[in-house]
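The sequence and structure come first.

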Amino acid sequence: QESETQLTLENTVYEEVESAAPTDMVPQLRTILGSFLFQDDDVFKPVGVLSGGERSRVSLVKMLLEPANLLILDEPTNHLDLTSKEILLDALKDFKGTVIFVSHDKYFIRDLATRIVALEPSERPGEASRVVNYPGNLEYYEWRKGQAAGSGSLEPGQGTPERREEAVVGSNQAQRMDSKKFKADLRKLEKEEAALLQKIAQLEER
């Protein structure tokens, strides 16, 4: 969350990213920056004139360029606009190492997590909270929590073949609906953003 404070405001976007890149990655920097929406002359803008979302994207590029096999992220989507959040999600999916992250963003968790580690109240009164490991994705975690609450949900992989197929189809349909809604909301917000930017430009020109 504080990575923006580590940026050198006098550097251009390209210089800032180049300072963190391994030598073998330098020839690919323009392509990488393009995937984070820094295209053409944008890469020569000083970091100091960038918006908060743009600075966050520069920080993300620097972080992902560092040669590491483990990333530890604390609420990584806080203060990110929708576009930056999608870019971060795609980049972390492509990351070859391990990612440990704390998040309350269910969309982000659903798309990225393959294991949930939850801090839960102890079953014995007066004892400290316990750390519980759920070796599966968010859907598995929510099923386990439902079982603990006595919901009797069908566990992934259990029941008759017909019920298993029903559960998988239902899950896939829900995910597709969530994804369509998110994309529709994103398109609507992008249009609103474009209209506002145009209005700002007109007002600045006046």
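## Largest pocket

Of its 24 lining residues, Phe101, Ala113, Arg115, Ile116 and Val117 are the closest to the centre. Strand 2 gives the most to this lining, with 5 residues.

A pocket here is an open set of points on a 1 Å grid over the protein atoms alone, where a 1.4 Å probe fits, with protein on both sides within 12 Å along at least five of seven lines; lining residues have an atom within 4 Å of a point. Strands are DSSP runs of E with at least two residues, and helices are runs of H or I with at least four, numbered from the N terminus.

## Basis

The model is predicted: local features need pLDDT of at least 70, side-chain atom pairs count only at pLDDT 80 or more, and totals for chains, interfaces and linings use all residues. Residues are numbered from 1 along each chain as its sequence is written, and side-chain values use heavy atoms, with hydrogens and water left out.

## Salt bridges

The whole structure holds 8 salt bridges (a side-chain nitrogen of Lys or Arg within 4 Å of a carboxyl oxygen of Asp or Glu). In one of them, Glu16 pairs with Lys62, with the closest N and O atoms 2.7 Å apart. Glu16 is in helix 1 and Lys62 in helix 3, so the bridge ties together parts 46 residues apart in sequence.

Another joins Glu120 and Lys145 at 3.2 Å, N to O. Glu120 belongs to strand 3 and Lys145 to helix 6. Through shared partners, Glu120, Arg130 and Lys145 form one network.
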